[in-house]
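Here are some notes to read alongside the model. Take them one at a time, with the structure open next to you.

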Amino acid sequence: VPTDARTLERAVRSHESPTGLQLATYALAEASAPHHKVVLTGQGSDEILAGYPWYARERLTGAALSTAGLREDIQRFAGPRGMRTGTRLAALLRPDLRRAFDAHVDSGWAFSPPDGFTRWNRIDRLSYVEAKTRLVGFIIHGLDRVSMTHSQEARAPFLDHELVELCAAMPTSMRLRGLRNKFVLRESMRGRLPDEIRRRRKRGLRSPRPDPLSGPLRELFGDLLSETSLRDRGYFDPPAVAALVELARGGDHRSSRALSTVLGVQLWDELFVRTAA
């Protein structure tokens, strides 16, 4: 994972995006590219086979939500799944940008649901919304960019269109049996994979986030999170960021994570906006 300013800058440049850095994927691509020019990845399996933990939570939310429309589904699905910036981070934006951001998020995404969408069960609706939003806008976006940055071809066999169509036609119970996710995949691997792997809970591919207040990135954080830098770039409200810094200094890890995202935006501006100008 990025442990110095130069490596973090390369990661931001490869993503071409101010947020949603997939640092662990970047590090894996960097380490494996000298040895393997083509790799297989598991991206897409959680979307087509109800693999994320929130699919099980969605099943437990109750029948009262079963007739919700697309707008309600987007608003409900977005928060826990990273499609909408959290309240704490949104509060850091400059007031006018915060209002514009909230209006944009509340308007939903520009796609039309299929006929009969509101009659689908909640798991199928969640899978559809994720495929149309988070999968293409974040998961595959990041995978493509970090792999191509290292001249590596990353293939996602779970997104083969025939397999996607097959999974979409399956009864929900074959994908999510009770609260057991990826049921049909786990059963198909019986005798092929050790049970400790076949049965284990999902573990997201995560990397430690850089500490904004100590360590080798301290100088970079201090510069880009300074009041002068924040006002100059104009995305964030300096007093709000300063208050978050104090919380992070007190050991609040959520504040540290939010500051890391602020840094990503500031660094993206430095690399793409100011350099281009």
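How far does helix α16 (residues 238–249) reach from its first C-alpha to its last? With 12 residues, α16 spans 16 Å, close to the 16 Å expected at 1.5 Å a residue. That expected span is 1.5 Å times one less than the number of residues.

1. Ground rules. This is a predicted model, in which local features need pLDDT of at least 70 and side-chain atom pairs count only at pLDDT 80 or more, while totals for chains, interfaces and linings use all residues. Residues are numbered from 1 along each chain as its sequence is written, and side-chain values use heavy atoms, with hydrogens and water left out.

2. The whole chain. You'll find 17 helices and 4 strands in the protein chain; helices (H or I, at least four residues) and strands (E, at least two) are DSSP runs, numbered from the N terminus. Of its 277 residues, 41% count as buried. Buried means under 20% relative accessible area, exposed means over 50%, and partly exposed is in between (1.4 Å probe, protein chains only). Among contacts (heavy atoms within 4.5 Å) between residues at least 6 apart in sequence, 74% join residues at least 24 apart. The chain exposes about 15500 Å², and carbon and sulfur atoms supply 54% of that; the areas come from the Shrake-Rupley method with a 1.4 Å probe, and for residues only the protein chains shown count as cover.

3. Back to α16. Its buried residues are Pro238, Ala240, Val241, Leu244, Val245 and Ala248. Looking down the axis of α16, they fall within an arc of 160°, so they line one face of the helix. The arc is taken over the directions from the helix axis to the C-beta atoms. As background, an α-helix has 3.6 residues a turn, so residues three or four places apart point the same way. Just after α16 comes Gly251, with a positive phi of about 100°.

4. Helix α1 (residues 5–15). Here Thr7, Leu8, Ala11, Val12, Ser14 and His15 are buried. Viewed down the axis of α1, these buried residues fall within an arc of 165°, so they too line one face of the helix. Glu16 follows α1 and has a positive phi, near 55°.

5. Helix α8 (residues 122–132). Why can α8 be called largely enclosed by the rest of the structure? Because 8 of its 11 residues are buried. They are Arg122, Ile123, Arg125, Leu126, Ser127, Tyr128, Val129 and Glu130. Asn121 caps the N-terminal end of α8, with a side-chain oxygen 3.0 Å from the backbone nitrogen of Ile123.

6. Rings. The structure holds 5 aromatic pairs. One of them is Trp120 with Tyr128, an edge-to-face pair at 5.7 Å centre to centre and 85° between the planes. For the cut-offs, rings of Phe, Tyr and Trp (its six-membered ring) pair if their centres lie within 6.5 Å; planes under 30 degrees apart count as stacked, over 60 as edge-to-face and the rest as tilted. Trp120 is partly exposed at 28% relative accessibility, whereas Tyr128 is buried at 17%. Ring pairs link Phe117, Trp120 and Tyr128 into a cluster.

7. Arg175. Is Arg175 buried or exposed? It is buried, with a relative accessible area of 3%, and its place is in helix α11 (residues 172–175). The Arg175 side chain reaches the backbone oxygen of Met170 at 3.4 Å and the backbone oxygen of Cys167 at 3.5 Å. Leaving aside neighbours within four places in sequence, the residues in contact with Arg175 include Ile48, Leu49, Asp124 and Lys182.

8. Lys182. This residue is in the loop between β4 (180–181) and α12 (183–188), and counts as buried at 15% relative accessibility. Which side chain does Lys182 join through a polar contact of 3.1 Å? That of Ser45. A polar contact is a pair of N or O atoms within 3.5 Å; within protein, one must be able to donate a hydrogen and the other to accept it, and residues adjacent in sequence count only if both atoms are side-chain atoms.

9. Val164. Look in helix α10 (residues 161–169) for Val164, which is partly exposed at 28% relative accessibility. Val164 and Ile48 are 116 residues apart in sequence but 6.4 Å apart in space, C-alpha to C-alpha.
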